[in-house]
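Colleague: I would like to go through the labels on this model one by one. For each label, tell me what backs it up.

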Amino acid sequence: MSAGRRVFLRMAGRAAVATAAGAALGCAAGLPRRHRLGIAIDVRRCIAAGGCRACIDACHRAHNVPDIRDVRHEVKWIWKEPFERAFAAEDAETITSALRGQPVPVFCNHCDNPPCVRVCPARATWARDDGLVTIDAHRCIGCRYCVAACPYGSRSFNWIDPRPFVAEPMVRYPTRTRGVVEKCNLCEERLADGKLPACVEACPERAMVFGDLADPASDVRRVIDERYAIRRKPELGTRPQLFYVI
Amino acid sequence: MRDRAVILGGLALFLAAVTWPAWRTLASTPPPPPDLQRPAGATRCVAPAAFMRASHMTLLVEWRDRVVRDGVRTYVDADGREVAMSLSETCVGACHTDKAKFCDRCHDYARVTVTCWNCHVAPPPPAPGGAR
């Protein structure tokens with residue numbers, strides 16, 4: 001049966017080649033994205049505006065984010081944290097006093113390696129090809145794994161029906177229902193219309209720059225190239241795509 | 001067999017009680033079909049009325065998946081017309097401007113409870129007397 005053995009060896013060889021090729025393709029999947037949406041935030045400009053809430057109000061109005069005062073139930077897409085809370089890993093002794101205790105805007109980092117996406121058992125949240133991390137509220141089962149997985153606290157759970165807490169619901173964007181998770185969607189619906197994210201557009205100080213980080217000529221890339229920028233908890237390997245220019 | 005009358009009588013009574021709702025429905029006149037408000041501006045839907053009547057929910061679910069999962073927002077109907085795949089802005093916003101007089105009336109008639117509007121926001125119906 002030498003012919004049989006030859007056939008077997010040939011098949012085994014092909015299988016080995018196919019396995020190697022598959023592994024190589026798997027590595028290729030880790031290549032940088034062709035488009036990579038992100039935002040650079042000029043922290044000092046934002047701080048100079050004092051107690052400005054323009055970005056928060058614009059975002060929450062555009063997306064029917066409920067105004068629930070009870071902290072146990074509150075829902076937020078974008079909010080402000082004192083600098084040393086947002087950047088807990090920064091050495092408290094080396095933070096310049098110009099930044100210490102100052103509020104900086106924080107929201108979903110649209111991580112390149114999003115832990116929320118990895119834990120979702122319903123595939124209700126995923127990263128698009130351009131890196132935008134989004135949620136399908138229809139499919140969310142409310143398990144809150146993603147809330148636990150996000151190291152930035154960017155996700156809120158609707159413990160109660162949010163509709164009564166939305167003052168004037170916008171027709172353009174749905175509210176959410178009790179039992180689903182929500183967060184910043186980087187204004188996916190506005191981007192589809194060719195508009196900027198609401199927070200970027202609303203900022204009176206022009207402290208936020210939105211764009212394609214994969215494009216070397218984009219405004220956001222230029223800002224990061226020219227000035228020193230930090231990210232929140234980079235040590236966790238989530239590769240956040242919000243850059244804080246300090 | 002001394003209890004035959006009691007047993008048969010009880011059985012008949014039981015059958016009558018169990019099938020009572022069916023008899024009542026058969027005897028009553030069916031309620032009139034709901035008076036649905038036709039769109040004032042539009043004359044054609046994105047699909048024939050018969051299809052929409054039977055399968056609008058399937059179409060809406062397909063629209064939902066296309067928009068949310070695939071990021072495709074425009075639907076091209078059989079006539080080549082392009083419409084935005086949006087429940088609030090196309091179905092209700094542009095055509096059936098009063099949800100209560102179209103969606104709700106038929107869903108109430110068919111005793112169907114939908115969850116669409118738990119999240120999606122219906123635009124306010126046009127003011128009566130306004131240009132329709």
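Colleague: What stands opposite A:I39 in β8(A)?

Modeller: A:F210 does. Bear in mind that this is a predicted model.

Colleague: How do you know that β1 and β8 of chain A are paired, and in which sense?

Modeller: Two strands pair if DSSP finds at least two bridges between them. Strand β1 (residues 37-42) of chain A and β8(A) have five bridges, in the antiparallel sense. The cut-off is at least two bridges, so they count as a pair.

Colleague: And what about β1(A) with β10(A), parallel or antiparallel?

Modeller: Parallel, over four bridges. One of the positions is A:I41, whose bridge partner in β10(A) is A:Y244.

Colleague: What makes β9(A) and β10(A) a pair?

Modeller: They share two bridges, in the antiparallel sense. The requirement is at least two bridges, so the pair qualifies. A:A229 has A:V245 as its bridge partner in β10(A).

Colleague: In what order do the strands of this sheet come?

Modeller: The order is β8-β1-β10-β9 in chain A. The sheet is open, has four strands and shows mixed pairing.

Colleague: Why are β8 and β9 of chain A said to stand at the edges?

Modeller: β8 (208-212) and β9 (229-230) of chain A each have a single partner strand, so one side of each has no neighbour in the sheet.

Colleague: Which helix lies across these strands?

Modeller: Helix α9 (residues 219-226) of chain A lies across β1, β8, β9 and β10 (242-245) of chain A. Its direction is at about 115 degrees to β8(A).

Colleague: Now the backbone. What makes A:C187 stand out?

Modeller: A:C187 has a positive phi of about 55 degrees, and it is not a glycine. Most residues other than glycine have a negative phi.

Colleague: Where is A:C187 placed, and why is it called buried?

Modeller: A:C187 is in the loop between β7 (181-182) and α7 (188-192) of chain A. The cut-off for buried is 20 or more other C-beta atoms within 10 Å. A:C187 has 24 C-beta neighbours inside 10 Å, so it counts as buried.

Colleague: What is the phi of A:R206, and is this residue buried or exposed?

Modeller: The phi of A:R206 is positive, about 50 degrees, and this residue is not a glycine either. A:R206 lies in the loop between α8 (198-202) and β8 of chain A. A:R206 has 10, so it is exposed.

Colleague: Why is A:R100 called exposed?

Modeller: A:R100 has 12 C-beta neighbours inside 10 Å, and the limit is 12 or fewer, so the label holds. A:R100 sits in the loop between α4 and β3 (103-107) of chain A.

Colleague: Which residues does A:R100 touch, leaving out those up to four places away in sequence?

Modeller: A:F83, A:E84 and A:I95. A:R100 and A:F83 are 17 residues apart in sequence, with 5.9 Å between their C-alpha atoms.

Colleague: What makes A:E84 partly exposed?

Modeller: A:E84 has 17 other C-beta atoms within 10 Å. Buried needs 20 or more and exposed needs 12 or fewer, so A:E84 falls in between. The residue is in helix α4 (residues 83-86) of chain A.

Colleague: How far is A:E84 from A:D112?

Modeller: Their C-alpha atoms are separated by 23 Å, and the two residues are 28 residues apart along the chain.

Colleague: On to chain B. Why is α1(B) called hardly covered?

Modeller: The helix has 24 residues, and the count of buried residues among them is zero.

Colleague: Where does helix α1 (residues 4-27) of chain B have its kink?

Modeller: At B:W20, shortly before the proline B:P21. The kink is about 55 degrees.

Colleague: How many residues of chain A are in contact with chain B?

Modeller: Twelve residues of chain A are in contact with 13 residues of chain B. The chain A side divides into six nonpolar, three polar and three charged.

Colleague: Last, which domains does chain A have?

Modeller: The assignment gives domain 1 (1-31) and domain 2 (37-245). Their centres, taken over C-alpha atoms, are 45 Å apart.

Note on methods:
Residues are numbered from 1 along each chain as its sequence is written. Chains are lettered from A and ligands numbered from 1 in the order in which they are written. This is a predicted model: local features need pLDDT of at least 70, side-chain atom pairs count only at pLDDT 80 or more; totals for chains, interfaces and linings use all residues. Two residues are in contact if their C-beta atoms, placed from the backbone, lie within 7 Å. Ala, Val, Leu, Ile, Met, Phe, Trp, Tyr, Cys and Pro count as nonpolar, Asp, Glu, Lys and Arg as charged, and the others, Gly among them, as polar. Domain bounds come from an automatic or database domain assignment. Axes are lines fitted to C-alpha atoms, for helices over the stretch in contact, and angles run from 0 to 180 degrees between N-to-C directions. The bend at a residue is the angle between axes fitted to the seven residues ending there and the seven starting there.
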